[in-house]
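Visitor: I am new to this structure. Please walk me through a few of its features.
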Amino acid sequence: MTAGEPVLRVEGLSVRFGGHLAVSDVSLDVHAGSISGLIGPNGAGKTTTFNAICGVTPPTSGRVLLEGQDLSRASTHQRARRGVGRTFQRLEVFSSLSVADNVRVGLEIRRGWSRRRRPAPQFLTGPDAFDLDADAEVDLIVDRLGLTELADVPVGALPTGSARKVELGRALAARPRVLLLDEPASGLDDRETDEFGVLLGELAAAGLGVLLVEHDVALVMRVCSELSVLNFGQVIASGPPAEVQSNHAVLDAYLGGRDDAATVAVTAAEAGVAIHPGEPGAGR
Amino acid sequence: MDKFLTFTIAGLSSAAIYAIAASGLVVTYTTSGIFNFAHGAFGMLAAFTYWQVNQAWGVPTIPAVIIVVFVAAPLFGAVVERVIMRGIEGASEVVKIVVTVSLMVALLGLAQVIWPPDVARPVPPFFEGRFVEFVGVRVPWSRLLALVVAALVAVGLRLLFTRTRLGIAMRAVVDDRSLLQLNGGRPGRTAMLSWGLGAALAAVSGVLYSTEQTLSAVTLTLLVVNTYAVAVVGRLRSLPGAFLGAVILGLAQSYVTGYINPELTVGPIALGNLAAALPAIMLFTVLLLQPEARLRSHSVVRPRSPQPVPSQRTALLGGVALVVVLAALGSLMAPADLILVTKGAGFALITLSLVPLTGYAGQISLAQMTFTGIGAVAMAAWGAGGSPLAVAASIAVCAVIGAVVALPALRLSGIYLALATAAFALFCTAMIFNQQQIVSGGTVQVPPLSIGPFTADTDFRQLVLLAVVFAVVGNLLVWLRRNAWGRRLAAMKDSPVACATLGLNLTSTKVGVFALSAAIAGAGGALAGRSFTADSFSLPASLPVTMLAVVGGIGSIAGAFIGGLLLGAIPIASTVFAANAIGVFRFVSIPVRDVLAFTPGMMGISLGREPDGAAPQIAVGYRAVGRSVPALVVSVVGAVTLWLATRFGLVARWSFVAALLVFVVAAVPLLPLVLSPRTPEDTAEPPRRTACGLWLLVATVAAAFIPWVDLVASNGVRIVLIVVLAALSARVAIGVLGVTPEQLRRPVAPSPDLVGVDRPLLRTDALEATRGLGLSEDEFEAEVDALRPVGVER
Amino acid sequence: MTAPQSGATTPTDDDRIARFRSDIDDLRIAGSGAGEQRLLVVGAVLMAVGVVLAVFGAIMVGLNGGSDADQRAYMAQGSLLGLTLAVVGAALFVRYSTSRFLRFWLIRSTYEGRANADRVVESIRWAAGDPDAPEPAAPPAPAPAVAPAPVVPMVPPVPPAPPAPPAPPVVGGPPTGV
Amino acid sequence: MTEPLLELRGVRAGYGSIEVLHGVDLVVPPSAVVALLGPNGAGKTTTLSVACGLVQPTAGAVLVAGRNVVGVAPEVLAQRGLVTIPEGRGIFPNLTVRENLQMATLAGTPLSQVEEVAFGRFPRLAERRTQVAGTLSGGEQQMLALARGLAVDPAVLMLDELSMGLAPLVVEELYGIVAQIARSGTSILVVEQFARTVLGVADVAAIMVNGVVRRVGPPDEVEAELSSAYLGG
């Protein structure tokens with residue numbers, strides 16, 4: 001779809017926790033102005049991939065490139081400053097601060113260092129918003145997310161759906177170049193999910209690269225232009241949604257595998273299970 | 001060579017004691033997740049109990065050891081876990097630290113009440129007078145005993161944790177608490193056992209140590225700081241690491257004592273105290289070597305209610321009011337009272353230093369008095385004539401030192417900052433405040449500030465100065481909190497990981513706030529304008545600051561003021577209260593003064609659960625009173641009753657003042673909550689509300705019947721004490737209730753469940769009800785059948 | 001594939017289930033009643049302590065000895081505090097013992113009311129010719145595999161907050177039906 | 001005696017202010033295998049946590065053998081025979097295989113019996129009895145977890161995502177064992193994302209979406225709806 005240099009490129013990323021390989025050799029591209037989806041069953045390693053991209057969990061191997069620059073040595077906050085923004089699967093809002101203040105913190109942290117970075121694209125605030133003062137920019141973002149009436153309410157008192165929007169607004173206030181969204185639609189009702197899909201489209205149109213982890217596959221199919229499917233920490237399929245949807249490997253990943261002699265032999269050997277046609281444990 | 005061997009053996013035997021103590025610490029920390037700052041106090045209590053049993057009551061050594069180590073100590077540990085620690089499971093780290101620190105202070109106070117420190121209590125070493133010749137060195141059996149016991153402990157713990165189901169279950173709790181439950185294990189019981197075990201190990205180390213050194217409550221309690229340093233080598237979690245740390249520290253201390261000439265000096269600092277400073281040095285070294293802690297997303301902490309930030313206008317008005325009121329009071333006070341109040345105001349400034357650190361940013365420091373001390377020492381050195389420049393320089397020094405101290409610990413989690421500051425306090429006591437060259441004669445005389453024509457050379461002027469400084473700093477903090485930096489601190493407290501992914505450098509932000517806090521504490525020292533004893537900068541003096549700041553309410557300026565007042569008032573109260581027992585206290589022959597010695601600790605323990613403090617809750621409470629008819633009625637009836645009781649001579653006049661104040665400050669604001677019917681989202685269950693109501697009633701009645709006139713001689717002190725009593729009653733009530741301001745704000749709705757029916761009724765409920773009514777099950781079934789349409793089969 | 005416990009046959013399984021049922025029946029479930037039970041005890045204890053304190057205070061005052069201050073202190077700490085405690089304890093005790101009784105009584109009456117209402121509704125539906133309505137005289141339809149078990153009719157989740165009667169726990173008329 | 005051994009009625013539950021279950025009704029009759037299916041995020045694991053007592057529901061009732069057990073500690077239920085093998089391998093990763101089995105004895109089964117069942121059924125575990133469980137392969141870990149379910153003779157067994165991260169053949173073998181346990185009369189509630197693997201074993205299937213049980217029925221009837229529940233179209 002979008003040609004040219006990806007805004008975020010993940011190359012051969014692996015994360016190992018003790019003996020457990022949570023993410024194994026994952027490569028992804030996210031292009032500016034498009035939404036890429038990352039789906040997969042529970043425990044497939046989606047959130048770990050996110051953590052490794054934004055530096056919360058150190059990867060065992062692999063590289064993360066933002067606009068061609070290697071971020072592998074940067075700390076979490078340095079990556080954020082370069083333009084990696086994210087939301088969290090389990091909400092990480094500032095629950096004692098009001099909605100407006102949550103957004104303002106994101107904005108203020110950005111303003112603290114943005115001079116050292118070339119101007120970032122703006123989202124939600126419209127094209128003429130470059131010289132806005134902080135209050136006006138916060139108001140614009142809050143307004144655009146439909147939270148104006150709740151602006152002074154502490155986020156801790158909000159329902160999940162609204163809190164997720166706050167988290168999104170806060171991430172956008174930092175004006176990232178690529179945004180990692182970890183299940184942003186959970187906790188939203190159907191109408192809110194539809195609105196959220198529209199909002200995502202607008203963000204992409206404004207030039208943001210979005211990597212979306214989401215359970216609501218309908219939403220993913222609707223908004224994403226690229227889709228990667230993760231299982232056992234590996235990318236088992238990627239491509240346009242329609243292609244992925246009809247891919248047998250994906251259906252198997254979600255619904256459970258059918259017998260396939262070749263994979264059975266290999267995987268069984270890996271798992272250290274002896275295959276006996278009949279009774280395996282007659283040891284009584 | 002002989003000398004080397006001698007010191008090696010001495011070092012190893014103290015290493016053995018450290019190792020035993022540290023293994024107890026590690027066992028409790030890993031299995032219950034609570035770092036027990038009172039571990040040393042457990043050991044101290046055990047050592048004193050051993051003295052009591054063995055020396056005072058004459059029980060022979062072996063039964064005495066069994067009683068103390070195998071019976072009393074484990075029991076004590078288990079009770080502490082059940083009564084105190086279980087309640088703070090899942091609370092924030094600050095709360096856990098404050099509660100265990102409070103326990104340490106309380107135990108220290110308790111020990112001093114039971115075993116007054118002015119009596120020498122020698123404990124003879126085990127196997128006294130028996131030696132082993134070893135390569136020409138005479139080694140006492142007691143030294144060897146320590147080594148043997150340490151080896152036994154190591155082997156025993158290893159066996160426990162690998163061979164017994166109980167020990168394996170303790171490890172399993174760490175792995176996966178809920179899975180253990182699903183297996184049918186009881187984490188609660190496991191935790192009690194691990195605290196019992198921890199306390200027993202503390203007892204072993206305490207008893208062993210007391211036979212080597214003199215029996216002193218403070219020394220034994222502070223031994224725990226050495227233990228921290230030792231345990232940190234194993235990242236507080238590994239037993240072999242702790243044993244290794246113990247060997248390093250034990251040997252290092254022994255060699256330093258043996259080989260470094262105490263007369264040797266570096267600048268003004270004599271190296272005679274280096275051995276005492278070694279744990280701190282070791283702790284810092286180890287902290288520097290630790291890899292940076294991983295950001296944990298979503299650390300599960302009990303959700304707290306957000307605190308309203310006062311407007312700048314309110315803060316300004318409050319500041320002016322504070323200065324005016326204090327000036328007015330001060331001008332009327334007798335000189336003796338004035339000194340005490342001025343002292344209290346100084347403490348208030350020091351507790352204020354914890355507001356940005358603990359209140360805003362959620363970090364903790366146990367060394368605030370140390371920074372005060374550095375400020376005071378610097379001012380004493382440079383500030384002859386009270387130059388404002390010297391004050392600025394002293395404050396700047398504190399800020400810089402604060403930043404340096406915090407840097408290694410802040411990369412790690414909150415517990416390490418607490419450890420590092422505790423170690424720093426000990427280090428400074430040894431290397432600065434106990435140095436004759438720096439603090440001659442054990443006192444620091446801080447020159448009063450002098451700006452132009454104003455010199456704070458009288459107590460009254462000093463009071464006004466402190467009030468002004470408090471108001472200015474308070475306003476500055478409110479301004480900070482309302483602006484970008486303060487928002488960042490609050491955000492960081494709520495979710496560090498989110499801040500990092502927005503681009504905030506957590507370490508530099510934390511270092512900044514720690515430096516600010518150290519600077520304010522330093523200002524408290526530099527501006528105090530009085531003489532301090534070196535003791536007042538020690539770790540035991542710092543702990544109550546942190547504790548009472550949290551008790552007063554760490555999130556707000558007013559809370560800090562209450563905390564400071566408490567801090568000032570408790571020593572005052574214990575000096576002015578009659579040393580003889582009054583009333584029912586006479587029967588246990590405990591003077592009131594001694595009771596006061598361990599109350600601060602008890603307060604911290606009971607109140608640490610609600611770290612936002614009393615002030616905001618009280619403020620919100622008054623607004624709710626107007627909306628609740630029963631609360632209004634009870635308020636009026638209560639006040640009238642008090643007045644009538646006074647009118648008819650049941651209550652003395654000062655007691656009337658006290659009771660009225662307690663009633664108005666503590667009871668009235670909480671009445672709406674105590675009286676309101678229960679709502680579904682109400683977290684305060686009925687028993688807690690009843691307990692709160694009971695406490696308020698008792699506090700008011702007690703205030704009315706305490707014979708204030710006989711207790712205290714001076715009117716000024718009476719006022720201070722009554723205010724403190726009122727604030728405390730409110731604070732305890734809020735602690736008991738566990739309320740949040742929202743609950744007070746919520747309109748009072750009629751209850752759907754006056755008789756407690758709050759869930760769907762089931763067949764089993766009906767059956768139980770029937771049993772309760774005295775009917776048999778058959779009768780019940782018969783009735784059910786009777787209700788059925790004719791012909792329906794069961 | 002054989003079952004791990006090869007001897008496991010159906011009768012023992014039924015035994016297992018029966019044992020499980022009786023195990024669960026034996027559970028002492030700490031419902032909302034436990035806290036109240038405790039308060040009931042607290043009330044009783046407070047009463048006792050209060051009385052003891054009061055008597056003690058009275059004796060000490062009567063014996064006199066000591067200063068005026070002591071006298072007053074005893075009076076305060078002993079008698080008055082003791083009496084207060086006794087009164088509070090008694091109040092607690094009465095409050096929770098009544099509420100216990102009232103709750104049982106309410107449960108019973110709502111339970112009966114509900115069963116009654118169900119019966120009436122069923123009759124009406126049946127009378128109106130609703131084909132799904134169980135004939136009042138017939139046994140309830142056999143439960144499908146996942147249908148709610150044939151527990152006797154249930155009272156629905158707490159009646160939606162009726163404006164509650166005033167404070168002291170109802171001694172008015174019983175709620176007729178729900 | 002058809003009263004269900006486990007029943008959830010109108011259960012609402014969540015974490016903090018986030019409600020995950022919006023009124024779940026579910027019945028596990030005696031000696032039946034009930035499969036709870038649904039896409040991730042639907043609330044299956046939370047449902048299980050409520051059923052075993054780890055999470056307190058904010059509304060509704062959990063009936064075990066007809067009694068409401070809301071508020072009863074999970075260990076008490078576990079000791080009486082409500083056995084749960086939680087998501088992500090129900091093992092203690094830092095304990096050895098033997099020590100893990102020792103933990104299975106907390107519910108009252110003697111160690112000899114637990115080992116006999118575990119090692120008899122999974123000889124591979126016997127070879128690795130001193131190995132730390134976290135270093136076992138995924139399949140072996142799950143066997144270790146399942147060994148507990150086999151050995152302690154549960155009345156109700158709840159399994160969460162037995163197949164997570166395992167190869168299909170291993171999953172099949174594990175479910176073969178589940179079927180055996182079911183045949184011995186234990187009631188089983190299986191939570192599974194990989195629907196096809198359990199449908200053959202289950203007597204009843206329930207599809208859960210967005211915190212409510214959307215459909216309950218025999219597996220073959222429910223299967224048709226699976227793909228729409230998972231892939232949204």
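Guide: Start with strands. Two strands pair if DSSP finds at least two bridges between them. Helices (H or I, at least four residues) and strands (E, at least two) are DSSP runs, numbered from the N terminus. This is a predicted model: local features need pLDDT of at least 70, side-chain atom pairs count only at pLDDT 80 or more, from heavy atoms without hydrogens or water, while totals for chains, interfaces and linings use all residues. Residues are numbered from 1 along each chain as its sequence is written, with chains lettered from A and ligands numbered from 1 in written order.

Visitor: How many bridges join strand E1 of chain B to E2(B)?

Guide: Four, and the two strands run antiparallel. E1(B) covers residues 131-134. One of its residues, Phe131(B), has Pro140(B) in E2(B) as its bridge partner. Two residues sit between the strands of this hairpin, and Val135(B) takes a positive phi near 45 degrees.

Visitor: Which residues form the covered face of strand E2 of chain B?

Guide: In a regular strand the side chains alternate between the two faces of the sheet. In E2(B), residues 137-140, the covered face has Val137(B) and Val139(B). Arg138(B) and Pro140(B) make up the uncovered face.

Visitor: How many aromatic pairs are there over all chains?

Guide: Rings of Phe, Tyr and Trp (its six-membered ring) pair if their centres lie within 6.5 Å; planes under 30 degrees apart count as stacked, over 60 as edge-to-face and the rest as tilted. The search finds 17 pairs. Among them, Phe4(B) and Tyr255(B) are stacked, 5.3 Å centre to centre with 10 degrees between the planes. Phe4(B) lies in helix H1 of chain B and Tyr255(B) in helix H10 of chain B, so the pair ties together parts 251 residues apart in sequence. Ring pairs also link Phe4(B), Phe7(B), Tyr255(B) and Tyr259(B) into a cluster.

Visitor: What lies over the face of Trp51(B)?

Guide: A charge sits over a ring if NZ of Lys or CZ of Arg is within 6 Å of the ring centre and within 35 degrees of the ring normal. Arg121(B) lies over Trp51(B), at 5.1 Å from the ring centre. Arg130(B) has its charged end over the ring of Trp141(B), 4.4 Å from the centre.

Key
Buried means under 20% relative accessible area, exposed over 50%, partly exposed in between (1.4 Å probe, protein chains only).
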